Amino acid sequence: MKFQRRTLFAALAAASLTTAWPLTGFAQKKIVLGFSQIGAESEWRTANTESIKAAAKEAGIELKFSDAQQKQENQIKAIRSFIAQKVDVIAFSPVVESGWDTVLREAKAAKIPVILTDRAVDSKDTSLYVTFMGSDFIEEGRKAGRWLVEKVKGKTGDVNVVELQGTVGSAPAIDRKKGFEEAIKADPRIKIIRSQTGDFTRAKGKEVMEAFLKAEGKKINVLYAHNDDMAIGAIQAIEEAGMKPSKDITIISIDAVKGAFEAMMAGKLDVTVECSPLLGPQLMSATKDLVAGKSLPKRIVTEETIFPMEVAAREFPKRKY
Ligand code: AHR
């Protein structure tokens with residue numbers, strides 16, 4: 001892809017070579033990055049927004065930030081507005097996987113490179129974005145499933161799991177389900193008896209867990225929540241139903257936000273799989289690289305781990321989100 005800015009830099013570089021003028025003598029225009037965020041549905045998302053805003057400031061990049069309030073139509077509007085404003089780079093975290101091709105083609109036609117952060121799109125035409133940086137959600141689901149397989153090893157009886165899924169149609173909801181289901185195949189006693197969306201929020205997590213408890217009661221052995229916020233909401237529902245989280249129902253979730261560590265230290269959550277929201281510095285360096293005409297790998301995967309309850313107190317002081 002050719003960008004006007006790159007042409008300008010090339011011309012300036014050539015001028016500096018022939019005339020020995022230092023490039024610093026020119027007032028360089030600030031790089032402008034348009035970023036469309038999903039919303040503020042979880043502790044994770046808030047940390048992600050803070051990371052992006054702080055990193056933009058630190059990198060001297062002008063950030064045009066737009067909050068879509070969890071609506072795809074708002075993200076599409078924001079991207080169109082970034083195109084109209086001729087930003088240098090567009091980045092966004094797509095609320096759902098499908099339905100982006102038209103607007104991404106518009107960005108491509110305007111020669112504005114697009115970076116996907118955190119979540120993927122399912123577009124067949126991968127030339128519509130330059131890179132996708134973020135977690136491997138299938139692997140996160142596998143980590144959660146493998147942990148459960150190990151936990152029940154050597155024990156007898158059925159293992160009935162209720163699952164709180166993330167936003168319907170979103171990459172983390174699809175992939176975390178897939179990875180978990182794949183891993184629990186190792187033990188045929190583990191069965192998902194109910195599965196419903198809690199939209200990644202505490203309020204919905206609580207509401208859906210109440211319904212699960214009403215329908216299945218003491219049959220539930222395990223809760224697998226696609227994020228910590230839903231698990232924290234569900235913990236409230238379990239306590240209000242007179243049961244003990246972690247003792248009566250094993251609780252597994254994903255993100256590793258501070259709230260999950262607090263729940264683990266209180267003995268109410270068994271394990272959380274890490275999903276880092278701290279993508280800001282990586283996004284700013286990718287933005288600078290693109291503007292400088294460098295190419296980027298198509299996929300940049302975040303390195304992550306898993307935190308069981310036993311290590312929570314030791315790890316808590318080191319947590320950044
Ligand atoms: O896309 C990442 C997911 O979105 C996080 O796991 C969840 O908490 C957030 O809302």
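Predicted model: local features only at pLDDT ≥ 70, side-chain atom pairs only at ≥ 80, totals over all residues.
By "buried" I mean under 20% relative accessible area, by "exposed" over 50%, and by "partly exposed" anything in between, using a 1.4 Å probe and protein chains only. With that, Gln69 counts as exposed at 56% relative accessibility.

Residues are numbered from 1 along each chain as its sequence is written, and side-chain values use heavy atoms, with hydrogens and water left out.

Back to Gln69. It sits in the loop between strand S2 (62-67) and helix H3; helices here are DSSP runs of H or I with at least four residues, strands are E runs of at least two, and both are numbered from the N terminus. Gln69 has a positive phi of about 50 degrees, although it is not a glycine. Most residues other than glycine have a negative phi. Asp199 is another such case, with a positive phi near 55 degrees. You'll find Asp199 in the loop between S7 and H7, and with a relative accessible area of 24% it is partly exposed.

Now the sheet that S7 belongs to. Six strands make an open sheet with mixed pairing, in the order S7-S6-S8-S9-S10-S12; two strands pair if DSSP finds at least two bridges between them. Which strands stand at the edges? They are S7 (190-197) and S12, each with a single partner strand, so one side of each has no neighbour in the sheet. On average, neighbouring strands are turned by 20 degrees against each other, direction ignored. For angles, axes are lines fitted to C-alpha atoms, for helices over the stretch in contact, and angles otherwise run from 0 to 180 degrees between N-to-C directions.

Thr197 is partly exposed, with a relative accessible area of 24%. Its C-alpha atom is separated by 5.6 Å from that of Gly166, 31 residues apart along the chain. Leaving out residues up to four places away in sequence, Thr197 touches Gln165, Gly166, Thr167, Val168 and Val208, where contact means heavy atoms within 4.5 Å.

Next, helix on helix. H7 (residues 202-216) and H8 pack at an angle of about 45 degrees, with their axes 7 Å apart. H7 and H8 are therefore oblique to each other; angles under 35 degrees count as roughly parallel, over 145 as roughly antiparallel, 65 to 115 as roughly perpendicular, and the rest as oblique. By class, the contact of H7 with H8 has seven nonpolar, three polar and five charged residues. For those classes, Ala, Val, Leu, Ile, Met, Phe, Trp, Tyr, Cys and Pro are nonpolar, Asp, Glu, Lys and Arg are charged, and the others, Gly among them, are polar.

Look at Lys206, in helix H7. Buried or exposed? Lys206 is buried, with a relative accessible area of 19%. Its contacts, not counting residues up to four places away in sequence, are Gly233, Ala234, Gln236, Ala237 and Glu240.

Compare H3 (residues 72-84) and H4 (residues 101-109): they pack at about 10 degrees, with their axes 10 Å apart. H3 and H4 are therefore roughly parallel to each other. H3 brings Ile76, Ile79, Arg80 and Ile83 to the contact, and H4 brings Thr102, Val103, Glu106 and Ala107. That divides into five nonpolar, one polar and two charged residues.

On to H9 (residues 258-265). Its buried residues are Gly259, Ala260, Phe261, Ala263 and Met264. The cover over them includes H2 (43-59), H8 (228-240), S10 (271-274), S12 (306-308) and H11 (312-315). After H9 comes Gly267, whose phi is positive, near 75 degrees.

Last stop, S5 (residues 131-134). Both faces of S5 are covered: Thr131 and Met133 on one side, Phe132 and Gly134 on the other, all buried. S4 (residues 114-117) pairs with S5 in the parallel sense over three bridges, and Leu116 stands opposite Phe132. Three bridges also join S5 to S11 (residues 299-301), again parallel, with Phe132 opposite Arg299.
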